[in-house]
Amino acid sequence: MIYLVPLLLLIVVQALDLFVHVAVGELEPIRVMSNVIIVLGGVITLASFASRLLAAALAGFLYLLLNVLFLVDQGWIKPATGAPRIPLIVFVATSLLILCWLISRHKAARSNN
């Protein structure tokens with residue numbers, strides 16, 4: 001039960017990120033793939049296999065890597081508006097913090113048992 005709050009929050013943040021992309025007509029496949037990967041990372045923490053937290057951390061790393069690759073390819077500044085991609089940084093940082101929170105809750109629960 002203690003894992004559902006951060007997992008649901010992670011899902012909501014990813015859904016909001018996707019909604020923003022659809023709303024502005026900029027649905028980039030690499031960003032969508034990263035959204036799916038980090039949600040899978042959160043879901044993996046609920047699994048029962050021994051290396052689930054490592055797998056979740058790997059998903060977080062892949063999420064970050066895909067977003068960095070997006071920035072390398074598309075640039076820090078949006079060509080259409082000339083504005084920096086601050087929402088991307090906010091979504092990525094928030095998502096990674098939530099995933100870390102989810103992983104740490106599992107570690108804390110395991111050490112209390």
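**Figure 1. The whole chain, end to end.** In this predicted model, residues 24 or more positions apart make up 69% of the contacts with a separation of 6 or more, a contact being heavy atoms within 4.5 Å. The protein has four helices and zero strands, and from the N terminus on its elements read α-α-α-α. Helices here are DSSP runs (H or I, at least four residues), strands are E runs of at least two, and both are numbered from the N terminus. Along the principal axes, the C-alpha atoms fill a box of roughly 55 × 20 × 20 Å. Of the 113 residues, 35% count as buried. Buried stands for under 20% relative accessible area, exposed for over 50%, and partly exposed for anything in between (1.4 Å probe, protein chains only).

**Figure 2. How confident is the predictor, and where?** Mean pLDDT, the predictor's per-residue confidence from 0 to 100, comes to 90 for the protein, with 92% of residues at 70 or more. Among the elements, helix α3 (residues 52–74) has the highest mean at 96, while helix α4 (residues 86–112) has the lowest at 86. Local features need a pLDDT of at least 70 and side-chain atom pairs count only at 80 or more, whereas totals for chains, interfaces and linings use all residues. Residues are numbered from 1 along each chain as its sequence is written, and side-chain values use heavy atoms, leaving out hydrogens and water.

**Figure 3. Helix α1 and its two faces.** Pro6, Leu7, Leu10, Val13, Gln14, Asp17 and His21 are the buried ones in α1. They sit on the same side of the helix because they cover an arc of only 125 degrees around its axis, taken from the directions from the axis to the C-beta atoms. Turned away from that buried side is a face with exposed residues Val5, Leu8, Val12, Phe19, Val22 and Ala23. Just after α1 comes glycine 25, with a positive phi of about 70 degrees.

**Figure 4. Close-up on glutamine 14.** This residue of helix α1 (residues 4–23) is buried, at a relative accessible area of 2%. Which side chain does glutamine 14 join in a polar contact of 2.5 Å? It's serine 95; a polar contact is a pair of N or O atoms within 3.5 Å where, within protein, one must be able to donate a hydrogen and the other to accept it, and residues adjacent in sequence count only if both atoms are side-chain atoms. Beyond neighbours within four places in sequence, glutamine 14 touches Asn35, Ile38, Val39, Tyr63 and Ser95.

Figure 5. The whole structure holds two salt bridges, each a side-chain nitrogen of Lys or Arg within 4 Å of a carboxyl oxygen of Asp or Glu. In one, aspartate 17 pairs with arginine 31, the closest N and O atoms being 2.9 Å apart. That pair links helix α1 to helix α2 (residues 29–44), across 14 residues of sequence. Aspartate 17 is buried at 2% relative accessible area, and arginine 31 also counts as buried, at 3%. Glutamate 26 and lysine 78 form a salt bridge too (3.0 Å, N to O). Glutamate 26 is in the α1–α2 loop and lysine 78 in the α3–α4 loop, so this bridge ties together parts 52 residues apart in sequence. Glutamate 26 is partly exposed, with 25% relative accessible area.
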